[in-house]
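Work through the two exercises below with the structure open. Try each task before reading its solution.

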Amino acid sequence: MIVQRVVLNSRPGKNGNPVAENFRMEEVNLPDNVSEGQVLVRTLYLSVDPYMLSQVVDGGGIGIIEESKHANLTKGDFVTSFYWPWQTKVILDGNICEKVDPQLADGHLSYFLGAIGMPGLTSLIGIQEKGHITAGSNQTMVVSGAAGACGSLAGQIGHLLGCSRVVGICGKQEKCLLLTSELGFDAAINYKKENVPEKLHELCPAGVDVYFDNVGGDISDTVISQMNQNSHIILCGQISQYNKDVPYPPPLPPAIEAIQKERNITRERFLVLNYKDKFEPGILQLSQWLKEGKLKIKETMINGLENMGAAFQSMMTGGNTGKQIVCISK
């Protein structure tokens with residue numbers, strides 16, 4: 001069986017930004033026989049995430065089983081996996097596939113790659129474990145990268161868990177408007193057009209109690225400098241997002257590190273995969289909020305396997321709002 005796949009054509013270089021030309025399409029022969037324990041799956045949706053640049057490109061995917069030789073999976077089941085090659089059909093080890101119930105995502109299968117999947121769990125569990133939010137205690141939360149896959153959910157979850165004020169930071173005016181008009185953020189700062197220290201001081205007059213950090217760098221240094229005594233930083237990150245050559249969490253500039261220590265601000269490594277015991281209740285909570293209309297979900301959907309490279313480039317340069325998804329087939 002001939003299928004199409006996307007492979008890495010070239011690397012962007014150590015400090016280069018990935019472009020669509022780093023990827024290329026090719027045809028490959030899929031074995032006709034499915035071995036014991038395997039499943040043949042037709043790909044429906046693929047996730048586009050910052051950490052993926054291995055030789056054969058793979059990542060989060062969701063699809064429908066067309067043939068199964070796995071005891072717990074049958075033809076017609078919808079499954080998801082972290083290790084999904086970028087191709088139209090795949091033969092996977094059934095043990096790395098997780099069966100999903102479309103009802104949990106209100107019929108939107110792509111949500112299992114976003115709000116009802118890893119980004120949703122990262123946001124929810126990160127805030128629960130590292131945010132130390134107490135309902136009714138007038139806490140202010142700031143979210144950087146606030147219109148992205150995790151940020152757009154984190155601000156809403158902050159409110160749902162009891163923050164009285166949530167302020168988002170992002171790089172486009174239309175994204176700022178979306179945060180405040182649709183996603184329930186109390187205010188938003190456009191870091192490309194506005195003076196972030198001044199706006200932050202104006203919008204968070206009582207200081208910052210919880211910071212959901214998607215970006216690091218100068219923006220984070222600015223937020224940390226306005227954080228309160230005994231406040232908390234949630235370092236957002238998924239599976240293998242971290243450059244192995246750099247210590248994680250990345251070191252802060254000396255002046256900011258002094259503020260962090262002096263004010264007893266927590267800033268601990270957070271990896272969602274260390275909390276697998278919380279995945280099932282987390283998914284059920286996210287699903288409930290979705291069905292009750294309390295969690296609004298934004299996706300940037302691009303059609304066609306041939307556009308995976310363009311989707312990756314767009315996501316790395318902030319072209320997406322919410323989760324970046326590529327629809328392969330329906």
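The model is predicted, with local features needing pLDDT of at least 70 and side-chain atom pairs pLDDT 80 or more, while totals for chains, interfaces and linings use all residues. Residues are numbered from 1 along each chain as its sequence is written, and side-chain values use heavy atoms, without hydrogens and water.

**Exercise 1.** Find which residues of helix α6 (residues 254–262) are buried, and explain how they lie around the axis.

*Solution.* 
1. Helices are DSSP runs of H or I with at least four residues, and strands are runs of E with at least two, numbered from the N terminus.
2. Buried means under 20% relative accessible area, exposed over 50%, and partly exposed in between (1.4 Å probe, protein chains only).
3. Ile-256, Ile-259 and Gln-260 are the buried residues of α6.
4. These three lie on the same side of α6 because they cover an arc of only 100° around the axis, taken from the directions from the helix axis to the C-beta atoms.
5. Pro-254, Ala-255, Lys-261 and Glu-262, on the other side of α6, are exposed.
6. Just after α6, Asn-264 has a positive phi of about 55°.

**Exercise 2.** State which domains contribute to the lining of the second largest pocket, and sort that lining by class.

*Solution.* 
1. Domain 1 (2–114 + 298–327) and domain 2 (119–273) each give at least three residues to the lining; the bounds come from an automatic or database domain assignment.
2. The lining has 17 nonpolar, seven polar and seven charged residues.

Note on methods: Ala, Val, Leu, Ile, Met, Phe, Trp, Tyr, Cys and Pro count as nonpolar, Asp, Glu, Lys and Arg as charged, and the others, Gly among them, as polar.
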